[in-house]
Amino acid sequence: MLENSMLYPKTTVSRRSVSLDGMWKFWIDETGTGEKEGFADGIPGNDTIPVPASFQDFYTKKEIREFAGDVWYEREMFVPGEWEGKEVFLRFGAATHRAEVYVNGRKITEHEGGFLPFCADITGAVHYNASNKVVVKVNNELTVTNIPCGETIVLPDGKKMNKPYFDFFNYSGLQRSVYLLALPKEYVFDFDLNYEITGKDAVIHFHIQTTGEHEVALALYDEKGRQAASAMGKSGIMKVENAHLWRVHNAYLYRLVIYILDGDVIIDEYEQEIGIRTIQVKDTSILLNGEPVYLKGFGKHEDSDIVGRGFHIGVMKRDFELMKWIGANSFRTAHYPYSEEIYQMADREGFLIIDEVAAVGLFESLMNFMEASSGKKSAFFKKETTPILLKAHKKAIEELITRDKNHPSVIAWSLLNEPETTDEAAVPYFEEIFALAHELDSQKRPRTFALIMNSLPNTCKCYQFSDIIALNRYYGWYVKGGYEISEAEHLFRQEMDAWKALDLHKPFIFTEYGADTLGLEHKLPSVMWSQEYQEEYLNMTNGVFDSYDFIKGEQIWNFADFQTTEGILRVDGNKKGIFTRQRQPKDAAYLLRNRWRGLPENFKG
């Protein structure tokens, strides 16, 4: 069981939540001696930096942008006297990739895993009705024992450098919001919901965890504020008559309020918007509320100018408006869990999410986007350190599912992206990962992983674990691009025929496909990198998708151009975006809009 609650911060009759977002003091620990020099009591200098944000793109020095090691954050916070007697926590939306938290010079907690929240119980460390000093040490070095995977090298001049096994920039820091929380001694720790639809009615199965023994009551309110159902107890069912179902682009949200009661006195109150819907895989169909749905959308990144991977509420709004404009209904949180606010927005807007844990780079390659197509084998899961990685991976899955399991928008778990699966050593690793996800999720959502191009029907040892087969394929880009696109289509169809011959009775989706395109590049006749070639590539790819009934989704790579490690194969980042990094359309956006808005939600149903 997790040490601290993962519930999103709320202010209610019993809870207080104060944002600590803003300008924090900041120090880059170039010598790695901050701990020895007493930074836990306060950091040197006068530099400040915004939280939430990645630290890399604010400065003009390359040594800062590429820095690998410890960075330190500090700020003062006032803890009100009336909070004495409550449980007081600091809650971090994320600290990439590992953090140590100090309050008034005292180490409170540490956490590894850069894309999920954690709490520091500071009840016994704070001064009430007084100012308190928070110091956080964040380390962004990549290893093969934590996800996402990579390595950290030392250059001849003594500077460290991150070498990711993945194709996106290693943005880091305090990239999500920080909250100061006050909770009652006895509080709602966690809850699980599952749904049944029975004609016009619905049944909500619930299980509530609290930190005490007092009575629990639940109340469900509709969008007009009328009570739709109620129940008593920590486990049981609520019957909802004439239930409004949560649907794609027609998201009906109820408000669930959970109370801990001592007679008529409320000890704790927590509330969350929920959507009544079911999700299952049956034969080759993905069923939402028992009806087939065809996925149209994107692989995305949390990535934008200046703030990097930092959560940006304005960028979030723009992204959803563009996805609605183009006719998308879904996205994958490639390649890590996103900020919680994005899931809340998807709940409200009726988007479907394939929720991905940060298990990317489990294929030893500094250019996996090229070597994935070369037949290279890395026997990644044969390392002596694999048991340490597995432990970190399982902890991240537990945190992911605990955080996101009650979002109606989350319809599947993606447990790895492009791992090495051609060696038998991957099989026991996958068995444990997939079994854990099934065990933790009361809704038993479908599980998947994104297959790298080396993972073919006759080479992949692990596709049988997936409930949905998710393929990342680049025929016409990394394989036989340009004038050889006709041969690319032949090879693509050859692979799909081989999958068809296996008769797996599972839905297939494409979680990546695409072609790098410069937003201002036009060329007639087409050449690779031109807008014309991106459209030529998409017309070929779409034709293949439409030729196979078991293909039930297409999520193009990528929604928008994004930053990567610099190199001769990347022009200031990955340019496969259908939109530029500034969220303006390339020509292909209009092609996809015409296609997706013309496809019914139950296409191939």
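**Entry 1: the second largest cavity**

I started with the second largest cavity, which holds about 170 Å³ of space. My note on the term: on a 1 Å grid over the protein atoms alone, a cavity is a set of points where a 1.4 Å probe fits but cannot get out. A volume is the space filled by probe spheres set on the points, with grid points joined across faces, edges and corners. Before going on, I noted that this is a predicted model, where local features need pLDDT of at least 70, side-chain atom pairs count only at pLDDT 80 or more, and totals for chains, interfaces and linings use all residues. I also noted that residues are numbered from 1 along each chain as its sequence is written, and that side-chain values use heavy atoms, with hydrogens and water left out.

How many cavities of 30 Å³ or more does a search of the whole structure find? I got seven.

Next I looked up who lines the second largest one. There are 19 lining residues (a lining residue has an atom within 4 Å of a point). H301, E302, V315, D319 and I342 lie nearest the centre of this cavity. Helix α2 (residues 313-326) gives the largest share of the lining, five residues. Helices here are DSSP runs of H or I with at least four residues, strands are E runs of at least two, and both are numbered from the N terminus. I sorted the lining into eight nonpolar, five polar and six charged residues. For that sorting, Ala, Val, Leu, Ile, Met, Phe, Trp, Tyr, Cys and Pro count as nonpolar, Asp, Glu, Lys and Arg as charged, and the others, Gly among them, as polar.

**Entry 2: salt bridges**

One is a side-chain nitrogen of Lys or Arg within 4 Å of a carboxyl oxygen of Asp or Glu. My search of the whole structure found 48 of them.

Which residue does D319 pair with? The partner is K300, with the closest N and O atoms 3.1 Å apart. D319 sits in helix α2 and K300 in the loop between β23 (295-299) and α2, so this pair ties together parts that are 19 residues apart in sequence. I checked burial too, where buried means under 20% relative accessible area, exposed over 50% and partly exposed in between (1.4 Å probe, protein chains only). D319 is buried at 4%, and K300 is buried at 6%.

Then I looked at E512 and R332, whose side chains meet in a salt bridge at 3.0 Å, N to O. This pair links distant parts of the chain, with E512 in strand β29 (residues 508-512) and R332 in strand β24 (residues 330-332), 180 residues apart. E512 counts as buried at 4% relative accessibility, and R332 is buried at 1%.

**Entry 3: K480**

I found K480 in the loop between β28 (469-472) and α7 (485-502). K480 forms a salt bridge with E487, the closest N and O atoms being 3.8 Å apart. Buried or partly exposed, I wondered about K480? It is partly exposed, with a relative accessible area of 30%. E487 also counts as partly exposed, at 35%. Leaving aside neighbours within four places in sequence, K480 is in contact (heavy atoms within 4.5 Å) with I485, E487, A488 and L491. The C-alpha atoms of K480 and L491 are 9.1 Å apart, for residues 11 places apart along the chain.

**Entry 4: helix α3**

How many of the 10 residues of α3 (residues 340-349) are buried? I noted eight, so I wrote "mostly covered". After α3 comes G350, with a positive phi near 75 degrees.

**Entry 5: D423**

I ended on D423, in the loop between β26 (410-417) and α6 (426-440). D423 is buried, at 17% relative accessible area. Its side chain reaches the backbone nitrogen of A425 at 2.8 Å. Apart from neighbours within four places in sequence, D423 is in contact with A379, K382 and K461.

Definitions and conventions
Polar contact = N/O pair within 3.5 Å; in protein donor to acceptor, adjacent residues only side chain to side chain. 1 Å grid on protein atoms, 1.4 Å probe; cavity = no way out; pocket = protein on both sides within 12 Å on 5 of 7 lines; lining within 4 Å.
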